[in-house]
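Keep the structure open as you read.

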Amino acid sequence: MSAAEAGGVFHRARGRTLDAFSSEKEREWKGPFYFIQGADPQFGLMKAWATGDCDNGGDEWEQEIRLAEQAVQAINKLNPKPKFFVLCGDLVHAMPGRPWRKEQTEDLQRVLRTVDSDIPLVLVSGNHDVGNVPTPETIAEFQRTWGDDYFSFWVGGVLFLVLNSQFLYDASRCPALKQEHDHWLDQQLRTAGQRACRHAVVFQHIPLFLQSIGEDDDYFNLTKSVRKEMADKFVEAGIKAVFSGHYHRNAGGTYRNLDMVVSSAIGCQLGTDTHGLRVVVVTAEKIIHRYYSLDELSEKGIEDDLMDLLKEN
């Protein structure tokens, strides 16, 4: 199934922006709002992880389908509606060119088509989406299937930047694309640095760090040199928070007033957290976030203290 056949919802990120929002109308602060962050539905990982064959396994994903459906149903029930729903990468488990990728993609698209049409879907590329070492071909496949692999958009006076963190991880097979990404990012950070926005927020798949800026290099974070360079760039530009996934556990920390938020997965859990989603409330002064299990969000919705923040002027 092509993106166009999927109903067009996956083609919203084009021209390095999101056509669900009119940038001119959205550049002004209109009061508090909230959005939902999810990560790693990763259809196929639960079977692969259970069998200990993450490279070749993953031929079943019924449980992930049910979890993704529960996540969408929980989001659709929320009142007021979130401004958008962002998925921070690893949409499916099968890497580019691997068995079951097409089937996993079609099943996820089928589930995501049921997201309320009034809730724009923001899709972030992860390592399983474009490959651990992306190529021009894997990037082009992602763009055909899901839309741009990096872009920016405005909502209510807040600038949101969606990055392709694989360019920060290993761009050895697509250096020209990384150069274009870095040039674009520098332009976006200049806009943020001019303080033309109420807040600026980054979405990417791989976290800068899991707990602290000086932690050891790991599969689940960016290398020390890259993370420090990026974090300093973000701080100087006034970025308030970076939201990511990849770790399949909740984690995060703070560096020079930059909040690094690592959200656990909708799908396979690698720690003790529950399948869940993060509610993020944006007020005039700060960004407040809380992780909910899918059951909690489905049965009880958002807690009153967060809802009260939306009533502030």
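**A buried arginine and its partner**

Arg-227 has a relative accessibility of 0%, so it counts as buried. This is a predicted model. The side chain of Arg-227 meets that of Asp-217 in a salt bridge, 3.2 Å from N to O. Arg-227 belongs to helix α9 (residues 224-237), while Asp-217 sits in the loop between β8 (199-203) and α9, so the pair ties together parts 10 residues apart in sequence. Asp-217 is partly exposed, at 46% relative accessibility.

Side chains of opposite charge can pair when their charged atoms come close. The count of salt bridges comes to 20. One of them joins Glu-69 and Arg-110, with the closest N and O atoms 3.7 Å apart. That pair links distant parts of the chain: Glu-69 is in helix α3 (residues 62-77), Arg-110 is in helix α4 (residues 101-112), and 41 residues separate them. Glu-69 is partly exposed at 28%. Arg-110 is partly exposed too, at 34%. Salt bridges also link Arg-14, Arg-16, Asp-148 and Asp-149 in a network.

Now turn to the strands. β12 (residues 276-282) and β13 run antiparallel, joined by 7 bridges. They form a hairpin with 4 residues between them. Leu-277 stands opposite Tyr-292 in β13. Strand β13 (residues 287-293) is mostly covered, with 5 of its 7 residues buried.

Arg-290 is partly exposed, at 25%. Arg-290 forms a salt bridge with Glu-303, and their closest N and O atoms are 2.8 Å apart. Arg-290 lies in β13 and Glu-303 in the loop between α10 (294-300) and α11 (304-309), so the pair ties together parts 13 residues apart in sequence.

Definitions and conventions: Residues numbered from 1 in each chain as written. Predicted model: local features only at pLDDT ≥ 70, side-chain atom pairs only at ≥ 80, totals over all residues. Heavy atoms only, no water. Buried < 20%, exposed > 50% of the residue type's maximum accessible area, 1.4 Å probe, protein only. Helix = DSSP H or I, 4+ residues; strand = E, 2+ residues; numbered from the N terminus. Pairing = 2+ DSSP bridges. Salt bridge = Lys/Arg side-chain N within 4 Å of Asp/Glu carboxyl O.
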